[in-house]
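This report is intended for a reader who is new to the structure shown below. Please keep the sequence and the model in view while reading.

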Amino acid sequence: MARRLRPQPPRGPHLERARAALTRAALTRRRADAANAAANAADHATDVLQPVITVARGLRRQTTWLRAWWTRTPAERRTPMIFLGLAAVAALTLMPHGPLIALVGAMGAAAWAGRERAPRHSGPSEAALTRLRSLYEALVPAFGDPNDPQPLYTRDGTWHNVLTDHAFDAEDRLVHLKLRYPAYFPDHDPAARSRVEQLLHAKTGRGREYRFVWNEEDNHLLLTALPPLPTDIPAQRFVTGPGETVLGFTDAESTRRTTPVVTDSGATRQAPPLIWRTGPRSTEPHLLALGHPGCGATTLLRSLALQALHHGDVVVIDGSGSGEYACLSGRPGVLAVESGLTGAVAVLEWAAHETERRLIAVNRARQDGHPVPGDARRPLWIIADRPTALSQLAAPEGRTDPQTLLTTPLRHGRAACVTVAVADTLESAADLAPAVTLNTRARAALGALTAQEAAEILGAPAPSTPTPDTPPGRGYARFGAGRPLRLQVPHTPDPHDEETSDARRRAVLDLLPGAAPPTRTAPVARPPGGPFTGATPAHGPVPTAQATNTSPSTSAAPPA
């Protein structure tokens, strides 16, 4: 009997491909189901173990912080720290339930340190991005070149490759910017630099001070918006060394030194001072301050005089005749305060002879191998406010120009411990004697000045852009060939001014030595310009105006 055969299903290439597709689909579904099951299991495990994960994360962060703290702790302080730690452990061990309390506290601190923090927004906002795009488009005419095959600045370009580093404040105002510029840009040309700086100043927002640092080697320009210098520091006794005077305060990055100061609110904080060093070892023993009226130059000289009275003698020439230095009259250490032409000439003649006498005394002491006498080492300060006004009075009468009498103290005062500080208005700068402008290597430019005016006073470009609203005493200072620095003079008002607040008036009066001065001092009966003899003591009578002088002048003889 013949065997019946089972019919075979038809086979073909299309059927084989269909079976393979079904098999792959089934495998994909199984894998997806397995992945979903694993993800669900992980999520459930994470939810269940979330407290343990948080505590573990916190312990890891605390361990990292503890290791970093131990690394930066000086070696001499580690032994006391170990002793305190062991003492704390012993105290917890002896306390009732101490270990349990310590364990609960440690777990609580770890849980707090390991909590998930909300992610911070990173990157500039939309308004900041708009500012960057606008700034890039504005820089295209300054840095762009149609002949450049690979230009950095083009009309349809992007700012991401040239504005490499930037930072904004809470109001989306630019506070820091680092940009690249092409190598063919003439960064050695001050005019080309000025055009770019003016453009950036206008586009980043006026009313603030900006500092521009050109890196010619790497073709980078760094822009920084500088915070305003503090104006709440009144006159006070500053912590200084011998031969040091606080000219004012500057930026923290401009000096590595800080000094404690008391603000108007009574709080004490550390502030970066701008120190001016005088004396025989100083390379800038004399100062010239210029600015427009109301810039704070008189405030600067008054602050210097109050500081100098703690360790030296002071002679004041007030060319304006406004009585700004009347609070110094009759005080111990104030040899004279003159505002008239006759008295100013007499005092400056004595100062010139005193400088010569000190030089002779120093020379003889060194030749004989003896110490320099104390009267030749005691600092003598000559404060001259607006001497050009007295020069204008002397010229029509053919009398001696008071500025010419400053030649000897300016040229030879460093070796004789004589310091000269001159202040005048910028409009009268052309009337200053050559001896004054050539021998004052310490410069101060105060008030609202243009970039050109500040550069003419300092001898170098100002470190920041000028601001339209400048408080009194704000400006720049430069010592010798150093770089100019920002300056804010401590507020030292005239205590006799009715508009001065009681707190600041008391701050100035507390710095004045001795008792209150008399209302009127009798002039010394000595003719001006009298003969000088080498036997006159260093702190002998200072020649003053005669009683017939009608100009408002006051003088005080030094203490016996």
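## Basis of the model

The model is predicted: local features need pLDDT of at least 70, side-chain atom pairs count only at pLDDT 80 or more, and totals for chains, interfaces and linings use all residues. Residues are numbered from 1 along each chain as its sequence is written, and side-chain values use heavy atoms, with hydrogens and water left out.

Helices (H or I, at least four residues) and strands (E, at least two) are DSSP runs numbered from the N terminus. Buried stands for under 20% relative accessible area, exposed for over 50%, and partly exposed for values in between, with a 1.4 Å probe and protein chains only.

## Salt bridges

Side chains of opposite charge can pair when their charged atoms come close. A salt bridge is counted where a side-chain nitrogen of Lys or Arg lies within 4 Å of a carboxyl oxygen of Asp or Glu. The structure contains 19 salt bridges. In one of them, Glu209 meets Arg474 with an N to O distance of 3.4 Å. This pair links distant parts of the chain, 265 residues apart, with Glu209 in strand E3 (residues 209-215) and Arg474 in strand E15 (residues 474-479). Both Glu209 and Arg474 are buried.

A salt bridge also joins Arg211 to Glu253, with the closest N and O atoms 3.3 Å apart. Arg211 belongs to strand E3 and Glu253 to the loop between strand E5 (244-249) and strand E6 (259-262), so the pair ties together parts that are 42 residues apart in sequence. Arg211 counts as buried because its relative accessibility is 16%, whereas Glu253, at 53%, counts as exposed. Asp264 and Arg504 form a further salt bridge, at 2.4 Å from N to O. Here Asp264 lies in the loop between E6 and strand E7 (268-271) and Arg504 in helix H14 (residues 502-511), so parts that are 240 residues apart in sequence are tied together. Asp264 is partly exposed at 38%, and Arg504 is buried at 18%. Through shared partners, salt bridges join Glu209, Arg211, Asp251, Glu253, Arg474 and Arg486 into one network.

## A helix contact

Axes are lines fitted to C-alpha atoms, for helices over the stretch in contact, and angles run from 0 to 180 degrees between N-to-C directions. The axes of helix H2 (residues 50-72) and helix H4 (residues 98-113) come within 7 Å and cross at roughly 90°. H2 is therefore roughly perpendicular to H4; angles under 35 degrees count as roughly parallel, over 145 as roughly antiparallel, 65 to 115 as roughly perpendicular and the rest as oblique.

The contact (heavy atoms within 4.5 Å) involves residues including Leu59 and Arg61 of H2 and Met107 of H4.

## Aromatic pairs

Rings of Phe, Tyr and Trp (its six-membered ring) pair if their centres lie within 6.5 Å; planes under 30 degrees apart count as stacked, over 60 as edge-to-face and the rest as tilted. By this rule there are 11 aromatic pairs. The rings of Phe143 and Tyr153 have centres 5.1 Å apart and planes at 45°, so this pair is tilted. Phe143 lies in helix H5 (residues 126-143) and Tyr153 in the loop between H5 and strand E1 (163-168). Both residues, Phe143 and Tyr153, are buried.

Phe185 and Trp214 form a stacked pair, at 5.9 Å centre to centre and 10° between the planes. Phe185 and Trp214 are both buried. One aromatic cluster is formed by Tyr136, Phe143, Tyr153, Tyr181, Phe185 and Trp214.
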